[in-house]
Amino acid sequence: MVSVVEFRIDRRSGVATYLQIVQQVQQALRLGILVEGDRLPTAAQVAATTKVNPNTTLKAYRELEREGLVEPRPGLGTFVSRTLARPESAADALLREELRSWVDRARAEGLDREDVQALMNSVLQDRYPQG
């Protein structure tokens, strides 16, 4: 099955483009958007939609392969080989809804995406300092 992941590259983030691709695949694996057997977009497809050099995508895919998350199949593409998703629980659904409400409040207060991201990163760094 072809994946539904669409990469979004933020050239102002200060994060290397290939790492943004790696992080977005990891997030999709954690959220269950990508599952074992899904095919990632080809480097040419990613280049067409994001204007990223195909070699950058290939570097990201090699990193994901090194982590054991994907495997290349010559002539077929790059496929997800394992998931990072946990089985969803009732707590997950409740937390997701609380987070949606918080983001809605932040938007109502005039915070933009970058403001919300900065706040989230700050709290995550405070609560998970090793990450």
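In this predicted model, Leu-99, Trp-102, Val-103 and Ala-106 of helix H4 meet Val-116, Leu-119 and Met-120 of helix H5. Sorted by class, this contact between H4 and H5 has 7 nonpolar residues, with no polar and no charged ones. The protein as a whole has 5 helices and 2 strands. Read from the N terminus, the order of these elements is α-α-α-β-β-α-α.

**Overall layout**

- Along the principal axes, the C-alpha atoms of the protein fill a box of roughly 50 × 35 × 30 Å.
- An unreviewed UniProt entry places the feature "domain: HTH gntR-type" at residues 15-83.
- Within residues 15-83, 51% is helix and 12% is strand.

**Helices H4 and H5**

- Helix H4 covers residues 90-108, and helix H5 covers residues 113-127.
- The axes of H4 and H5 come within 10 Å and cross at roughly 130°.
- Angles over 145 degrees count as roughly antiparallel and those from 65 to 115 as roughly perpendicular, so H4 and H5 are oblique to each other.
- The crossing of H4 and H5 is right-handed.

**Helices H2 and H3**

- Helix H2 covers residues 43-50, and helix H3 covers residues 54-66.
- The axes of H2 and H3 come within 8 Å, with a crossing angle of roughly 125°.
- At that angle, H2 and H3 are therefore oblique to each other.
- The crossing of H2 and H3 is right-handed.
- On the H2 side, Ala-43, Val-46 and Ala-47 take part in the contact. Their partners in H3 are Pro-54, Thr-57, Leu-58 and Tyr-61.
- The contact of H2 with H3 has 6 nonpolar residues and 1 polar residue, but no charged residues.

**Helices H1 and H3**

- Helix H1 covers residues 17-30, and its axis comes within 8 Å of the axis of H3.
- The axes of H1 and H3 cross at roughly 50°.
- Angles under 35 degrees count as roughly parallel and those from 65 to 115 as roughly perpendicular, so H1 and H3 are oblique to each other.
- The crossing of H1 and H3 is right-handed.
- From H1, the residues in contact are Thr-17, Tyr-18, Ile-21, Val-22, Val-25 and Gln-26. From H3, they are Thr-56, Thr-57, Lys-59, Ala-60, Tyr-61, Glu-63 and Leu-64.
- By class, the contact of H1 with H3 divides into 7 nonpolar, 4 polar and 2 charged residues.
- Thr-57 and Tyr-61 of H3 meet residues of H1, and Thr-57 and Tyr-61 also meet residues of H2.

**The strand pair**

- Strand E1 covers residues 70-73, and strand E2 covers residues 77-80.
- E1 and E2 run antiparallel and are joined by 4 bridges.
- Glu-71 has Phe-79 in E2 as its bridge partner.
- Pro-72 has Thr-78 in E2 as its bridge partner.
- The hairpin of E1 and E2 has 3 residues between the strands.
- In this hairpin, Gly-75 takes a positive phi near 85°.

Notes. Residues numbered from 1 in each chain as written. Predicted model: local features only at pLDDT ≥ 70, side-chain atom pairs only at ≥ 80, totals over all residues. Heavy atoms only, no water. Pairing = 2+ DSSP bridges. Axes fitted to C-alpha atoms, helices over the stretch in contact; angles between N-to-C directions. Left-handed = near helix turned anticlockwise from the far one by under 90°. Contact = heavy atoms within 4.5 Å. Nonpolar A, V, L, I, M, F, W, Y, C, P; charged D, E, K, R; others polar. UniProt positions renumbered as here; feature names shortened; annotations may be inferred.
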